[in-house]
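Here's a quick briefing to read with the model open. Keep the viewer handy and follow along by topic.

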Amino acid sequence: MWWRNTINELVKIATKIRSYIGIGALTLLIFIVLFAMKADGKSYIGFVTASFEQTLSFNGKILNGNLIAFIIMQMLIVHVPLLISLVTGDLLSGEEAAGTVRMLATKPITRTSIVLSKWFSATIYTLIMTVWLGFLSLFVAKWMFGSGDLIVLNSNGLLIIPEADLAWRFGLALIIAFLALWTVATLSLAFSAFAKNSVGPIVSTMAVIILFTIIGTLDVSVFDSIKPYMFTTHMAAWRSVFEDPYPSYEILESIIILSAHIIILLGITILRFNKKDITS
Amino acid sequence: MSLIEVTQLAKNFKSFHAVRDVSFHVNEGDVFGFLGPNGAGKSTTIRCLLSLIRPSFGEIKFFDKSLKENRAEVLTKVGCIIEKPDFYKYLSAQRNLEIFARISGKDITKRQIQEMIDFVGLNGREGDKVSGFSHGMKQRLGIAQTLLHNPDVIILDEPTTGLDPQGIIEVRNLILRLRDEQKKTVLLSSHQLSEIEIIANRMVIINQGKTIVEGEVQALLEKQSLNLEITVENKNPFEGLMLSKFPNLVVRNVYKSTYHVEMIEDIRIPLIEALVNAGCGVKSVIPKRSLEDFFIKMTEK
Amino acid sequence: MRLIIFLFLFITTVSYSQTATSLLKGVIDKIDLVNDYKADVQIKAAIPFIKVPIAKAKIYFKKKDKFKVESDGIAILPKQGLSDLTGFLSKESNYSAVLGEVKTINEHKTRLISVLPTDENSEIILAKVYISPTDELIYRTVLTTKSSGTVSIDYEYNLNKKYALPNKMTFTVDIRKFKMPKSVASNIRNNDKEKKYKENEKGTIVLIFSNYIVNKGISDDVFKKD
């Protein structure tokens with residue numbers, strides 16, 4: 001039965017205007033970056049290589065589609081989570097606000113199945129956003145800027161990754177990025193189970209991301225014990241794929257932490273929705 | 001056979017006891033009136049029946065099976081409208097029905113959906129978004145959604161709210177058809193007591209979260225005292241006469257010079273003669289043995 | 001007596017100067033034989049805080065000062081010493097040369113020639129050139145420039161000695177002026193494994209040349225900017 005309701009949820013997502021607001025905003029954002037880099041990308045490169053240019057000269061195609069793709073993926077940290085929570089934060093609370101939760105909950109489908117089908121459809125929406133992000137940032141950027149080696153500025157220094165070594169890295173980075181966004185989607189769905197309208201879950205999700213991000217960047221020892229377990233610490237784990245050698249243990253750790261968050265948040269959502277008295 | 005059996009149902013919301021002790025049963029083929037004043041616990045009880053609310057105590061059975069343990073099986077055979085039917089406004093009527101059909105527990109074809117749309121009189125509007133529907137059209141769509149999976153039991157909570165008189169008649173006729181032609185069992189909660197009186201054969205009245213009375217509608221009405229609605233020209237002689245000559249009668253002034261007089265024995269003739277002789281100027285005498293009066297009497301206690 | 005000593009010193013100095021100039025001229029004459037060349041180059045950089053794979057590129061040169069590097073990937077090259085030195089040395093009026101010590105570099109006996117630019121606006125402050133008198137080839141240059149600090153370049157030759165075109169150049173650069181900028185989008189995860197670089201740390205860039213094609217003609221279009 002949950003699969004049938006998943007079809008329902010996908011139909012609802014596909015016919016809601018707000019679903020396309022997210023995709024449209026992402027597309028617009030990426031094209032703005034592409035346009036900006038086309039217009040003035042060289043000065044951006046200069047900023048990255050400035051410290052070295054007194055003694056060294058960088059030859060070759062630094063400003064290429066792979067670098068642009070890397071820059072665009074940086075947006076995953078703040079912008080795309082907001083666009084995703086616009087849709088996923090509405091999945092349960094939107095039904096409550098519209099009154100359709102009454103119709104839904106009187107059907108012979110368990111509340112757990114309702115939550116699972118909404119979560120699964122949220123997963124698919126998140127996947128679509130991630131794939132779209134990947135397509136625009138990799139293929140469209142490459143079409144506009146061509147291909148080439150990737151120059152990455154890490155905390156360890158400057159790393160140049162040959163073009164032949166990039167396909168699997170971008171693939172793995174997108175998978176990890178999807179996992180991070182999936183965590184955000186599940187978080188906003190969890191908030192949605194507690195709210196009676198969509199604004200609360202969306203704002204709460206962004207507030208949590210911003211707050212945890214700030215805590216993560218504060219160099220205060222009192223937070224050191226919790227930082228490794230905050231999901232925002234691992235939201236940028238995809239960047240670790242672009243290190244050499246790439247830290248497989250740290251990446252695996254991030255995957256585990258993010259997966260644990262998803263499972264726990266989903267469990268909370270199911271528990272909450274099962275116990276809820278629907279009085280609206 | 002009881003299709004619905006509610007036993008000692010109770011529901012507490014923190015410190016508020018919405019339902020304290022409600023028990024009733026609904027037989028197969030009944031049109032069952034579920035009555036109570038505002039705040040009596042009707043909505044809470046109905047939501048417990050439909051598993052929207054988890055009871056604090058008590059048992060609910062459908063088809064002799066516990067609702068708690070057989071929820072999916074039970075709800076496959078139950079259709080409902082709770083208050084106003086809400087739909088996905090951004091979807092068409094057809095799409096809305098398809099969505100609910102998918103999770104109804106039965107395989108419902110597009111043809112069946114179209115037939116239901118035709119049945120409720122929405123043919124030609126199935127492709128229109130629900131956001132453009134009037135209240136009456138939404139109510140019809142709600143009925144379509146309720147009947148789509150051919151349930152055995154139909155629960156209707158205030159189905160005529162907001163409808164014009166024509167709409168009310170249509171709903172009444174539909175319920176009668178469901179009972180007579182399709183042998184459905186209907187549990188109907190409504191404030192339209194006159195409608196309940198016409199279409200319901202059994203009923204329960206609850207108040208302050210408790211069952212007050214349950215039984216056949218006509219049998220209950222016949223047991224109650226005869227009421228007369230008397231309108232007079234002169235209030236003072238009327239009131240004086242009632243106090244002096246008929247102190248055992250219960251008299252209520254309902255409006256200006258109109259009174260309800262309640263009597264156990266039928267003493268209409270001596271009463272009217274006395275009123276005329278006293279110069280009250282009797283304008284009308286209307287006998288009443290109505291559900292409304294019965295309801296007021298039951299819920300005033 | 002004093003006159004004899006003075007004349008002796010004068011003649012010695014003049015003859016030394018002539019030797020420095022003639023040594024340089026020997027090299028410059030070889031360089032002048034080259035109107036144009038192109039070659040494949042493999043670039044291997046070992047610089048602190050920079051991790052770059054071995055890059056392959058093509059180098060083009062055309063008299064007097066047209067120079068281009070074409071690489072498929074990103075190649076890091078030293079800013080000074082690759083093409084500018086020979087151009088500087090080819091004009092005698094640009095500098096004065098002083099003969100210095102004898103030094104053996106990679107089994108080659110060389111003579112130090114200190115080259116001082118005459119133009120105070122010159123980017124090069126001092127160039128120490130180690131030339132082998134035997135084969136009139138430069139085996140080491142230590143270049144001090146205004147903007148890039150000191151760059152040391154070792155040369156090895158193989159097939160193109162007559163043109164003074166090396167098959168291997170090893171650049172040693174001074175990285176004390178490097179500053180690590182903060183990441184453009186900093187890692188949320190604080191990486192406390194950040195290394196601190198030491199003062200006066202060095203980095204090396206090795207260029208291995210092959211497939212020289214000399215004086216076969218190169219179109220000016222090759223040197224147009226993309």
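B:Asn150 is partly exposed, because 15 other C-beta atoms lie within 10 Å (buried takes 20 or more other C-beta atoms within 10 Å of a residue's own, exposed 12 or fewer, and partly exposed is in between, with C-beta atoms placed from the backbone). This is a predicted model, where local features need pLDDT of at least 70 and side-chain atom pairs count only at pLDDT 80 or more, while totals for chains, interfaces and linings use all residues. Residues are numbered from 1 along each chain as its sequence is written, with chains lettered from A and ligands numbered from 1 in the order in which they are written.

- Most residues other than glycine have a negative phi, and most peptide bonds are trans.
- You'll find B:Asn150 in the loop between α5 (135-147) and β7 (153-157) of chain B (helices are DSSP runs of H or I, at least four residues, and strands are runs of E, at least two, numbered from the N terminus).
- C:Phe49 also isn't glycine and has a positive phi, near 75°; C:Phe49 sits in the loop between β1 (36-46) and β2 (50-51) of chain C.
- C:Phe49 counts as partly exposed, with 18 C-beta neighbours inside 10 Å.
- A cis peptide bond, omega about 0°, links A:Asp244 to A:Pro245, and A:Pro245 is in the loop between α9 (199-217) and α10 (248-275) of chain A.

**Chain contacts**

- Two pairs of chains touch, and the most contacts are between chains A and C (residues are in contact if their C-beta atoms, placed from the backbone, lie within 7 Å).
- Chains B and C don't touch: their nearest C-alpha atoms are 40 Å apart.
- Where chains A and B meet, the contact takes 23 residues from chain A and 21 residues from chain B.
- On the side of chain A that touches chain B, α1(A) gives the most, with seven residues.
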